[in-house]
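Colleague: Please take a close look at the sheet and what surrounds the ligand.

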Amino acid sequence: MSKSPPRDPGRFGEATRLVHAGRDPSAQHGFVNTPIYRGSTVLYPTYDDIQHRRGRYNYGTSATPTMDALTEAWTQIAGAAGTVVTPSGLSALTVALMASVSAGDHLLVSDSAYRPTRQFCDGVLSRFGVAVTYYDPTIGAGLAELMQANTRAVLVEAPGSQSFEMQDVPAIAEVVHARGGIVIMDNTWATPLLFPPHARGVDIAVEAGTKYLSGGSDLLIGLTSANAKHFPAVRRTFDHFAMCAGPEDIFLALRGLRTMSLRLREHGRQGLEMARWLQARPEVLRVLHPGLPEDPGHAIWRRDFSGASGLFGVILKPVPEAAVAALLDGLELFGMGFSWGGFESLVIPFDCRPYRTATAWAPGGPALRFHIGLEDTADLKADLEAGFARLRAAAG
Ligand SMILES: *Cc1c(COP(=O)(O)O)cnc(C)c1O
């Protein structure tokens, strides 16, 4: 006799659900975790079985027990009707978009959407006859004025990539649904733990699991979850593209899922502490973090989100580029590189000017994006303190 999973997991708190979701030790000889099933071919016992494709599993691209463990867990955590798991966050977004729009449709995309999302819209969707309009992320219900007779879907991302504008997702969803459209959200920053997408009116939600689900900067994975109305289209699109993730990566994502709540809370707490500390620095003009009361998106964040993750922006007071380089080049603990969500702190310089089209990016000084990891904040502050001393010396 092996242990069965708890019944009716919906009655448990979030942390308990994260520990138990998508796991059935009784089906694994009592072992705690679902193992890595590697496989393309699935064998059928009889002629009749293969003629009727009988059985849960038919072929490795469409489903495996490892895949099911993650998609079932994520469906529960996100409050969705179903989920597909893809090889990256960007591929999860492309599945969401390809499931939603067709030639002749119009798509509205937030101006602060993740840049590769824009590149997919401009480089692929436009080639297939989808018209794309970028909109000011802070537009809220004003989005109604941009909707055309053929507007099929609206993409939101809150807070926005790099610039961290908050979006009024429920207000946008109301406007879009009133006209029969689809709301797609890139929910990577908050994850469903801090922003339950489908309960807030999102039809299709995308998560770059590469970030906080992994938590280790050691894998690429994406999730596309959807409500009952839109999951069939998401599932069909996933199957058409055979957009399946590798079994080892899915296994690592499941491992990350069990501790995600704990890690995310700590990233959020440390992130807010560092954001406040940076805000008080004389070298800093302002901090872009919706969890700060001074932030223009704070009221919406308080209303709709139950916390913050560890990613935010900092605008420095104007200094020569060489001074910014002096700050960044000598850092001992902060790494410079793309992506985020791992246990380690990161910083990158950024400039939205080359690609924003609906809004003007004029922050008033050099812009940096920070990801706060799980190090001791006293050490992170000391590292930045030394960096600011280099910046001042270089600025003269
Ligand atoms: C990183 C990221 C993605 C893409 O994830 P990958 O796994 O790197 O493809 C999508 N959206 C946002 C907001 C991201 O930060």
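Modeller: Terms first. Two strands pair if DSSP finds at least two bridges between them. Helices (H or I, at least four residues) and strands (E, at least two) are DSSP runs, numbered from the N terminus. This is a predicted model, where local features need pLDDT of at least 70, side-chain atom pairs need pLDDT 80 or more, and totals for chains, interfaces and linings use all residues. Residues count from 1 along each chain as its sequence is written, and side-chain values use heavy atoms, without hydrogens and water.

The open sheet has seven strands, ordered β1-β7-β6-β5-β4-β2-β3, with mixed pairing. β1 (82-86) and β3 (131-135) are the edges; each has a single partner strand, so one side of each lacks a neighbour in the sheet. On average, neighbouring strands are turned by 20° against each other, direction ignored. Axes here are lines fitted to C-alpha atoms, for helices over the stretch in contact, and angles run from 0 to 180 degrees between N-to-C directions.

Inside the sheet, β4 (residues 151-157) and β5 (residues 182-186) run parallel, joined by five bridges. There, V154 stands opposite V183 in β5. Helix α4 (residues 89-100) packs on the sheet and touches β1, β2 (106-110), β4, β5, β6 (204-208) and β7 (222-226). Contact means heavy atoms within 4.5 Å. The direction of α4 makes about 165° with that of β6.

Now the ligand. Residues around the ligand include G89, E157, D186, T210, K211 and W340, with a heavy atom within 4 Å as the criterion. A backbone N or O atom of G89 lies 2.7 Å from a ligand oxygen atom. For a polar side-chain atom of T210, the distance to a ligand oxygen atom is 2.5 Å.

Methods. A polar contact is a pair of N or O atoms within 3.5 Å; within protein, one must be able to donate a hydrogen and the other to accept it, and residues adjacent in sequence count only if both atoms are side-chain atoms.
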